[in-house]
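Here is a friendly briefing to keep beside you as you look through the model. Have the sequence and the 3D view open together.

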2 protein chains.
Amino acid sequence: MASTSSLSLSNSLLARSVSHHAPASHSSDHRPAASSSSPAQIPIAALRRRFLQRQIRAAAIETLAPAETSLVDNSVNTIRFLAVDAVENANSGHPGLPMGCAPMGHVLYDEFIKFNPKNPYWFNRDRFVLSAGHGCMLQYALLHLAGYDSCKLEDLKSFRQWGSKTPGHPENFETPGVEVTTGPLGQGIANAVGLALAEKHLAARFNKPDCEIVDHYTYCILGDGCQMEGVAHEACSLAGHWGLGKLIALYDDNHISIDGDTEIAFTEDVSKRFEALGWHVIWVKNGNNGYDEIRAAIKEAKSVKDKPTMIKITTTIGYGSPNKSNSYAVHGSALGAKEVDATRKFLGWPHEPFHVPDDVKKHWSRHIPEGASLESEWNEKFAAYEQKYKEEADVLKSIITGELPAGWEKALPNTPEERNIRFGVREHGMGAICNGIARHCPGMIPYCATFFVFTDYMRAAIRISALSQSRVIYVMTHDSIGLGEDGPTHQPIEHLASFRAMPNVLMLRPADGNETSGAYRVAILNKKRPSVLALSRQKVPLIAGTSIEGVEKGGYIVSDNSSDNKPDVILMGTGTELELAVEAAHELRKEGKAVRVVSLVSWELFGEQSAEYKESVLPEDVTARVSIEAASTFGWERMVGSKGKAIGIDSFGASAPAPVLYKELGITAQAVIAAAKELC
Amino acid sequence: MASTSSLSLSNSLLARSVSHHAPASHSSDHRPAASSSSPAQIPIAALRRRFLQRQIRAAAIETLAPAETSLVDNSVNTIRFLAVDAVENANSGHPGLPMGCAPMGHVLYDEFIKFNPKNPYWFNRDRFVLSAGHGCMLQYALLHLAGYDSCKLEDLKSFRQWGSKTPGHPENFETPGVEVTTGPLGQGIANAVGLALAEKHLAARFNKPDCEIVDHYTYCILGDGCQMEGVAHEACSLAGHWGLGKLIALYDDNHISIDGDTEIAFTEDVSKRFEALGWHVIWVKNGNNGYDEIRAAIKEAKSVKDKPTMIKITTTIGYGSPNKSNSYAVHGSALGAKEVDATRKFLGWPHEPFHVPDDVKKHWSRHIPEGASLESEWNEKFAAYEQKYKEEADVLKSIITGELPAGWEKALPNTPEERNIRFGVREHGMGAICNGIARHCPGMIPYCATFFVFTDYMRAAIRISALSQSRVIYVMTHDSIGLGEDGPTHQPIEHLASFRAMPNVLMLRPADGNETSGAYRVAILNKKRPSVLALSRQKVPLIAGTSIEGVEKGGYIVSDNSSDNKPDVILMGTGTELELAVEAAHELRKEGKAVRVVSLVSWELFGEQSAEYKESVLPEDVTARVSIEAASTFGWERMVGSKGKAIGIDSFGASAPAPVLYKELGITAQAVIAAAKELC
């Protein structure tokens, strides 16, 4: 079983930093004492501990003046109530996370993240990912305060409604300011690894001693649910391996997941695990209102250059709700009018729903001019860079805009040298990281590779590529029983059908070199959907009649000896079995039949052609149709019709040499000939 | 996002042992010095270290007498060369792992694992899983020496050939003595967690202070590839949480994966990570011939009762091959005649291929009588248990044999209380653990639950259920856009089609309470395949005409006002949309049409009915057919034919209340009526 991947990243990434920081003095492997059910009740011992800690760490922490603290409190409560009110309005959503994470959210967006709210796509912005996507009202509230046009008050009021910009989980294609699509847990942190990797790659490629033209951080908030998912672990292991120093993950350690207390299923020592993965780990014990500690931790994280940092921030889920905080009741449902009232009282928030106090508005309003300045400063920097390093600047521009350089087609198939990443055996992490890379900027085109059967391991990531309109190219080899001796665990059967059924994916199964070039071309030109290329293990000859142009139509005539669009029989195939259809046609023609051979390399592209074109390839009146594909016949009725015959494999494969398998499982030209003779 | 699971395991499992052993003195977080390319060259410093270590640990280690050592050497080399010769014979396979792991394999099978070779299914046997399934020749060689009938010399000689009992990866359904199907990396260790969990559950349920009637260990060999996979991590996190003291994993730390040195992609501190997961960790530094250390480590592991143990065993992949050991060249290809010769010379093995020396044969031959004794002793124990605890013994017997207790149907749907396991948010681990539970013995019927869309996370495990003929019941809820506001990340579209295309899976989408009962009945009665039940989030009314018997046929007539099997139109639906078909039929009948409504709850079961039955439900001559399903239309041509119309959703969903989504996406009775009117 293999997973390797080739993508547009330079070798510089492969060099892992060797020197490691010693763990910071205030990192710790121990969990805090069990938190009490009301956020107001903090054990005396804990208070004392915190006080002592502050004494010890005073030098490292900038503390706020009281007036500032009250403003931050106001801002944090604004975030909390925007979330509470929007969820209440929709009577649907997850208030718990935004209420608990509002403090870290405020500190991040107001004090650290570099962005330009009026141009959410400014290239050198810091990237933020809410991996715990169910808490999206946190992000929408922050985007609102920060001045993004996608999250105006009316958008927050239409949270989770048809046609709104504020769907139930963050979706990059709906909400400018949202970088990636999250919700399926664990994906977001893996996307963040991809974003940070893209930054590191571009920085290594384009930065000069006198000009760091690529220079941003990637921040991520993730929860217990993300921590439990294998995909997150895979990606975090790689992030540690790659030493992604500009990746900063804030772990909302709230001890509650949808099922109840995390103690029922999640008792591992997360901090120690991340140390084992090569991360720098910091623990902020008071995430509910320890603004100073949060700030100090992020500063420390930024100063650690050779390792990603995990800041474990202990919070109370649903902080502020007197009766529901610190319980799963606040995880995924509206609080209810009564509890909202109680929460307003508890937090001293007398305002009507969706209220943003004037001081908070005023405070946040600076981000619009500041963001504009950040971008224009960077633009000036880029202009200077361009003057000095014209060639690099041109390439970088094409990456930023996503315009393909002239003559790119001549490079097909790409040469992967110098930009290879080794993912180890971590398919799911690989897919999710590629999503992050693809979403970093329009010109990054990641392609990754493993055995086709192991798309099963990464299917959730491929689905996110499709949904989030991300151009990831999945180069999937060993695409059938042709794999041979490794046997049924390694032989795809249902995979072609399973991707043909998935929306917004191009499933391509080229038959030879021509079609493979065509498939790469199509994959690169489709900027808003991923492509899955199923490639064989077997050697394949060039087939007369195949073409790049044919691939672009998805289905086309490879050979034909009929006239008037009335063949006696149409034979269809894909990939390595197209050759069998050609062979069968040859025999049938010898017997005087008018036979058309059709390659159906991509059903999606064929489906998008005009009715006339489709009729010219598969005329409705010709019902004698035979298909052959070394895979499940599921779905082939679409092509062969009610009277046709689909030859395929509707059981698992077996361990034996490939030619034996083809023969024993009936994937032969003889089978095509026999079927055709029954029909015409 | 949720994953919870209910299955046949007692609450006793939920109590996690709290006391933890201190790490053993010889566990370590550090990697060994880089191993030299030739196995003969061991740095002096390493030798000295090892000597000192042995001095220190002498008391804890039983050392072998020289004669015994030579016998073990012979046995280990026999295993190595059986693997080398079989791979050479097939010109296909993975010699590297068996050559490196032969010492641990010998010690495990010859000295620790309790089995009866002439009854591979003896209930109380120790379970062994080769998670690094590509190294299956190790297992076949061991089963051969141990006297299993499935691995006779002729079976080894037909390794990886059509119809043989020795396929390219271990398959429980082909080879008695193989417990689970492995090869897709990470699955095996997760299966082992499931096997150990099943043992712990049954022990908790049936053991008595005076009689431990369930009492076996679960051993697993896994490699670097397994360690990288997220599914392994998820399962190991749970194993630590559950404190599975009788799970012993031997980690083949050979520093080489298919891509080359693990340093290129895998530099985490595995030992420290497992400590963080709550495992006991031991490091055996000389896995190549440190028989004494291996033995001592397994003994220590057995003595640790409240934690699973990970024994990291540093080996040289392809040990003995002078030119290919310690490189990826030996991972997955035959050595080639020349290198086989060199290896024979290096290891002092002058024999012809497939030779088993007499002393080795004689030594291993004791396992046949010993295994028989083990089983008969246990049978006597069980007889005594039965006399004293008749009721428990009867239940245990039904679990061992897999015969369902009388009256089991009355309990449908099952009451899950008392046997719930919380998996946290670890779908992939959950599925793979359930595979292990299902394979523990015929009467264990695990069912597990999450949102239908998150089958994407566990698809690789579901495929293994199907391939390995394991009765796991996947209860998948929130099965469509009916989920509503959570939006497209949480709304399945292509999932029904993707499972209908997968071999040996029953995909069931019941429409109401009757059909749900029928679906559970079918799932339980199908002992050799998994079932996926797609259940709605929405409330559903009972539909007139649905039945348990109908579900057993997969497709059946729910209502009909036609005669002579000639309706004007056939309306079909599944799940929550069957109601829409019924509603549309009602309207169409008002207008005088003869309308048949068909439920297609399981396409696989319907496909297995006689041609006559199918014709009685979907007569060939009736081409006016309309289907409705809130999912991809992919594959529906099979049911509606070339002239029919499939109503469904071929894009992603959206975030909005469910009724709005149904209307906006056109999943309505009106759409069915309009389509029907076009056709008849």
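This is a predicted model: local features need pLDDT of at least 70, side-chain atom pairs count only at pLDDT 80 or more; totals for chains, interfaces and linings use all residues.

Residues are numbered from 1 along each chain as its sequence is written, chains are lettered from A and ligands numbered from 1 in the order in which they are written, and side-chain values use heavy atoms, with hydrogens and water left out.

**Confidence**

- The model scores ipTM 0.90 and pTM 0.90.
- Chain A has a mean pLDDT of 90, with 89% of its residues at 70 or more; pLDDT is the predictor's confidence in each residue, from 0 to 100.
- Please note residues 1–60 of chain A, where pLDDT stays under 50. For that stretch the model has 144 contacts beyond four places in sequence, a contact being heavy atoms within 4.5 Å.

**Chain A as a whole**

- Chain A holds 25 helices and 18 strands. Helices (H or I, at least four residues) and strands (E, at least two) are DSSP runs, numbered from the N terminus.
- Of the 680 residues in chain A, 65% are buried. Buried means under 20% relative accessible area, exposed means over 50%, and partly exposed lies in between (1.4 Å probe, protein chains only).
- Among chain A contacts between residues at least 6 apart in sequence, 80% join residues at least 24 apart.
- The accessible surface of chain A is about 22,700 Å², and 52% of it belongs to carbon and sulfur atoms. Accessible areas come from the Shrake-Rupley method with a 1.4 Å probe, and for residues only the protein chains shown count as cover.

**Where the two chains meet**

- The contact takes 98 residues from chain A and 98 residues from chain B.
- Together the two chains bury about 8,200 Å², 58% of it on carbon and sulfur atoms. Buried area is the accessible area (1.4 Å probe) that two parts lose on being put together, summed over both.
- Which three residues supply more of the area that chain B buries against chain A than any other three? They are B:Trp162, B:Arg463 and B:Phe634, with 11% of that area.

- β2(B) runs parallel to β3(B), residues 218–223, and four bridges join them. Two strands pair if DSSP finds at least two bridges between them.
- Six of the six residues of β3(B) are buried, so β3(B) is largely enclosed by the rest of the structure. On one side are B:Thr218, B:Cys220 and B:Leu222, and on the other B:Tyr219, B:Ile221 and B:Gly223.
- Six bridges join β3(B) to β4(B), residues 247–253, again in parallel. Here B:Ile221 has B:Leu250 as its bridge partner.

**A two-sided helix in chain A**

- Helix α11(A), residues 337–347, has as its buried residues A:Glu339, A:Val340, A:Thr343, A:Arg344 and A:Leu347. These residues cover an arc of only 145° around the axis, which puts them on the same side of α11(A); the arc is that of the directions from the helix axis to the C-beta atoms.
- An α-helix has 3.6 residues a turn, so residues three or four places apart point the same way.
- On the other side of α11(A), A:Ala337, A:Lys338 and A:Lys345 are exposed.
- A:Gly348 follows α11(A) and has a positive phi, near 65°.

**Individual residues to look up**

- A:Asn91 is not a glycine, yet its phi is positive at about 50°. A:Asn91 sits in the loop between α2 (66–90) and α3 (96–112) of chain A and is exposed, with a relative accessible area of 61%.
- A:Gln469, also not a glycine, has a positive phi of about 60°. A:Gln469 lies in the loop between α16 (455–467) and β11 (473–477) of chain A, and is partly exposed at 28% relative accessible area.
- B:Asp394 belongs to helix α14 (residues 390–401) of chain B and counts as partly exposed at 33% relative accessibility.
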